[in-house]
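Look at the structure first, then read on.

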Amino acid sequence: KAEALKWYTKAAAQDVGPAQINLALMYAHGEGVRVNPREAFRLYSQATTQTDPRISGSAHNSVGVMFEQGDGVVQDISLALRHYRLSAARGCAEGENNLGKMYAKGLGVEKNMHEAIKWYKRTRVQ
């Protein structure tokens, strides 16, 4: 874990998207480092700017989860919804699923089961 931390840190500092995501996961879960949700949030936020939609989509979903749960940031459902939409727009299945959940539960939007099902079905296709 120490070796992974060293290399992910170096690569993340050079704006390498997968390293940003992996390092964020290490901080989020305390893998080889102390749990640090703020650092995880910072790294996920950096990764949202990546041009690869798989990386930016995953990062937007993770930022959305953190805003939804108030993990490392002030809870903000509207920002969670925004990041889930950005994630889903990049084809991220987790973002699509979370967007469906927001519509199913009426979190930040009017409850709309038809819209929820639409997003859940997109997830299933992947």
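The model is predicted.

## Helix H5

Helix H5 spans residues 77–89 and has 13 residues. Its first and last C-alpha atoms are 18 Å apart, close to the 18 Å expected at 1.5 Å a residue. After H5 comes Gly 91, whose phi is positive, near 80°.

Which residues of H5 are buried? They are Ala 80, Leu 81, His 83, Tyr 84, Ser 87 and Ala 88. These residues lie on the same side of H5, because they cover an arc of only 170° around the axis. An α-helix has 3.6 residues a turn, so residues three or four places apart point the same way. The buried residues of H5 pack against helix H4 (53–69), helix H6 (93–105) and helix H7 (113–125).

## Helices H2 and H4

Helix H2 covers residues 17–29. The axes of H2 and H4 come within 9 Å and cross at roughly 25°. That angle is under 35 degrees, so H2 is roughly parallel to H4. The crossing is left-handed. On H2, the contact uses Gly 17, Pro 18 and Ile 21. On H4, it uses Ile 55, Ser 58 and Ala 59.

## Helices H6 and H7

How do the axes of H6 and H7 cross? They come within 8 Å and cross at roughly 165°. H6 and H7 are therefore roughly antiparallel to each other. Their crossing is left-handed. Contact residues of H6 include Leu 99, Gly 100 and Tyr 103. Those of H7 include Ala 116, Trp 119 and Tyr 120.

Definitions and conventions:
Residues are numbered from 1 along each chain as its sequence is written. This is a predicted model: local features need pLDDT of at least 70, side-chain atom pairs count only at pLDDT 80 or more; totals for chains, interfaces and linings use all residues. Side-chain values use heavy atoms; hydrogens and water are left out. Helices (H or I, at least four residues) and strands (E, at least two) are DSSP runs, numbered from the N terminus. The expected span of a helix is 1.5 Å times one less than its number of residues. Buried means under 20% relative accessible area, exposed over 50%, partly exposed in between (1.4 Å probe, protein chains only). The arc is that of the directions from the helix axis to the C-beta atoms. Contact means heavy atoms within 4.5 Å. Axes are lines fitted to C-alpha atoms, for helices over the stretch in contact, and angles run from 0 to 180 degrees between N-to-C directions. Angles under 35 degrees count as roughly parallel, over 145 as roughly antiparallel, 65 to 115 as roughly perpendicular and the rest as oblique. A crossing is left-handed if the near helix is turned anticlockwise from the far one by less than a right angle, and right-handed if clockwise.
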